[in-house]
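Dear colleague,

Please find the structure below, with the sequence alongside. My notes on selected parts of the structure follow.

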Amino acid sequence: MLNEFLLGVGVVTGLNAFLALLLVLAERTLSHYGPCTLTINDEKKLVVPGGQDLLSTLKREGLFIPSACGGRGSCGLCKVTVLDGGDPLATEIPWLKPEEIARHVRLACQVRIKHDLRLQLPREWFAIRQFQATVVSIRDLTHDIKELRLRLVDPPEIEFQAGQFIQLEVPPYELTDEPVYRAYSISSPPSNRREIELEIRYVPNGLCTTWVHRHLNVGDPVTFNGPYGQFVLRPGNRPIIAIAGGSGMAPLKAIFLDMAEKGIARSARYFFGARSRRDLFLVEEMKALETRIPGFQFIPALSNPLPEDRWEGETGLITEVAARHVPDASGAEAYLCGSSFLIKAAIAMLTERGMPRERIYFDDFG
Amino acid sequence: MNPFTAWFALFFAAVFTQNILLTNYLGMCPFLGASREIKTSFGLGAAVVFVMTFTTPLNWILYHRLLIPLGLEYLGLIVFICLIAAFTQLIELVIERVSDALYASLGIFLPLITVNCAILGASLFMVARSYTFLQTTAYGFGGGLGWMLAILAMAGIRQRIAKNRLPRGLEGAGIALIIAGLMAMAFTGFTGITAPS
Amino acid sequence: MKQSPELQKIQEAMRPGRLTKTGFLGSDSRPLADILAEDEATVARLGLTHAAIATRMAYFREKGEAGLGLAVDVPPHFEVRVDGVRGRLPCPFAHPGLYPKIFCQVHNQKTGETVTYSDLQIHLIGDHGFYEGRGSPYRLEPETLVQVLEITPEE
């Protein structure tokens with residue numbers, strides 16, 4: 001009896017051990033790809049361990065590719081040209097235009113490195129880094145906007161152009177279990193390389209804004225990467241028309257402070273719209289720029305001033321206010337930052353007043 | 001009947017008249033849950049064909065060359081499950097290596113196949129009907145193909161009626177089972193070609 | 001009944017912390033397939049379709065845009081305010097497309113009730129029949145939407 005029992009158990013155990021061994025060997029040989037060489041732009045060569053996706057592998061090598069969804073294939077930002085990586089997966093195709101597919105554009109988070117690859121990346125991406133920083137101050141600008149000041153730790157300095165943004169990493173907290181990234185414009189000028197300022201407006205049920213407004217404290221460590229974006233001052237002498245609302249102040253503040261520091265003397269009018277006085281902020285700071293930048297005018301407007309505001313400035317929708325001041329926009333260029341419909345309305349208003357569409361620049365990293 | 005014809009007869013029976021899904025009602029769960037689209041059904045069906053074609057003969061070898069000589073036939077069920085699970089895992093590794101695109105579209109279905117009772121059912125029938133090795137190859141391949149045929153037909157029909165209004169309560173599983181029943185009846189029209197036992 | 005792996009993955013994406021802080025399911029522990037089925041039945045009982053509800057929601061959203069964040073009167077007796085914050089969200093149903101974080105608040109001056117919904121929610125209702133799980137603070141009850149927005153069956 002015992003012999004039969006032992007035989008039965010022995011056979012099943014033996015068989016399973018054999019199958020398990022087979023699987024381990026298979027995994028060893030099939031799932032390990034060894035080192036692969038990535039050749040970037042035909043110049044830079046990186047030797048990386050194969051098997052992972054391109055996005056996280058490059059990130060580990062210090063090369064950042066824009067991504068907002070952390071590699072889950074749901075933002076479509078990580079487009080890279082991969083010359084011998086094969087056809088795009090079903091998960092990528094909806095994000096790629098036919099001409100991009102023909103040019104071998106792939107989503108870096110969906111490309112698995114199995115052999116040597118040749119990549120083509122835009123040069124601007126080489127400047128993108130990941131930064132560790134510490135919170136040095138959290139200041140209320142309005143009832144729902146906080147100004148966050150971060151001091152860089154590693155690397156200790158950042159180089160960027162006024163108007164660019166960074167991606168702030170929100171670590172898992174409360175109910176979240178994965179880090180998430182959200183984009184915010186740098187509101188401090190580039191002359192300050194050791195610290196950056198961000199303006200963060202609280203959004204109900206917002207992942208990042210709830211973390212910043214309810215959980216973040218002075219002294220906490222913070223991770224971000226950047227700089228990103230093309231919303232920067234174009235060289236030249238054209239008069240500037242800037243229109244913004246709400247947290248659209250941030251990149252324009254950086255741009256105008258930068259102008260003041262560099263002594264750039266271009267005529268500029270900055271129209272900033274808010275609902276009532278409690279939504280206005282940094283008015284004195286922006287007004288002070290009028291003495292530092294010849295030809296700069298700061299024009300705040302309230303669309304819905306309350307009687308207790310005792311507001312004597314401009315009233316109405318910011319696009320209407322700007323329209324009143326700028327009957328002819330044909331010689332100027334415009335910088336817009338705000339909600340998509342503010343931008344839409346502003347573009348309509350400006351083109352009606354003669355501004356060519358290609359001279360209207362707006363921050364649309366939404 | 002020469003062996004060639006016999007093989008084909010058994011193969012034909014496995015696909016049509018003794019269709020493991022429509023006659024024995026095995027493998028219903030993924031059949032009902034994942035048969036809304038032809039594309040996904042094709043992927044799932046192909047994976048089932050592959051696994052069933054190889055695991056059934058492999059299980060024959062294990063049963064007749066290992067278990068019977070040792071008098072351990074009663075361990076058949078456990079041994080079959082272990083082999084099916086290991087085989088499925090191995091196939092997943094191979095596909096992952098060979099083709100990312102195939103893995104992305106098929107991959108998620110492979111782990112599901114391990115629990116598809118049609119696969120286990122084929123091995124158990126192979127034992128119950130005392131098939132020879134050759135007969136097992138016909139039965140394994142035919143059974144898988146028959147399952148795939150059934151799920152493709154189901155997906156085609158469901159895709160066709162996707163926009164139609166159905167009586168409330170019959171949506172989803174209700175209509176799927178009715179379709180399955182009608183298909184099963186249609187397939188018995190092939191009776192006349194019986195499998196040699 | 002077990003739901004397909006695709007629906008399972010979508011349900012995962014709706015958990016808190018994936019896309020929004022509280023997620024899309026609230027305290028609802030039912031499978032997504034059941035949530036969708038129940039709301040589908042409710043909407044059918046009201047003699048409407050998801051598309052009809054979403055169309056009406058989008059109508060107010062369009063009218064309110066002109067206010068640039070300020071309330072706008074929409075006849076016969078509605079007040080609509082549309083505002084937005086920066087950033088975009090993907091749809092948890094895992095297809096491409098990012099939805100701006102724009103919120104539309106519709107106040108029915110006759111009944112005194114208000115509903116608020118986002119661009120993503122218009123899409124979730126119109127294209128997926130998804131009103132969010134019970135217990136989600138952002139769940140839109142079909143009956144409430146129909147009542148406040150005064151959606152009538154059109155045949």
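How many residues lie between β6(A) and β7(A) in the hairpin they form? There are four residues between these two strands. Please bear in mind throughout that this is a predicted model.

Helix α7 (residues 318-325) of chain A packs with helix α8 (residues 340-352) of chain A at an angle of about 20°, their axes being 10 Å apart. Because of that angle, α7(A) counts as roughly parallel to α8(A), the limit for this term being under 35 degrees. The contact involves Thr319(A), Ala322(A) and Ala323(A) from α7(A), together with Ala345(A), Ala346(A) and Met349(A) from α8(A). Of the residues in this contact, five are nonpolar, one is polar and none is charged. The crossing of α7(A) past α8(A) is right-handed.

Finally, a word on confidence in chain B. The average pLDDT of chain B is 84, and 91% of its residues score at least 70. Within chain B, confidence is lowest in helix α5 (residues 100-106), with a mean of 70, and highest in helix α7 (residues 117-128), at 92.

With kind regards

How values were computed
Residues are numbered from 1 along each chain as its sequence is written. Chains are lettered from A and ligands numbered from 1 in the order in which they are written. This is a predicted model: local features need pLDDT of at least 70, side-chain atom pairs count only at pLDDT 80 or more; totals for chains, interfaces and linings use all residues. Axes are lines fitted to C-alpha atoms, for helices over the stretch in contact, and angles run from 0 to 180 degrees between N-to-C directions. Angles under 35 degrees count as roughly parallel, over 145 as roughly antiparallel, 65 to 115 as roughly perpendicular and the rest as oblique. A crossing is left-handed if the near helix is turned anticlockwise from the far one by less than a right angle, and right-handed if clockwise. Two residues are in contact if their C-beta atoms, placed from the backbone, lie within 7 Å. Ala, Val, Leu, Ile, Met, Phe, Trp, Tyr, Cys and Pro count as nonpolar, Asp, Glu, Lys and Arg as charged, and the others, Gly among them, as polar. pLDDT is the predictor's confidence in each residue, from 0 to 100. Two strands pair if DSSP finds at least two bridges between them.
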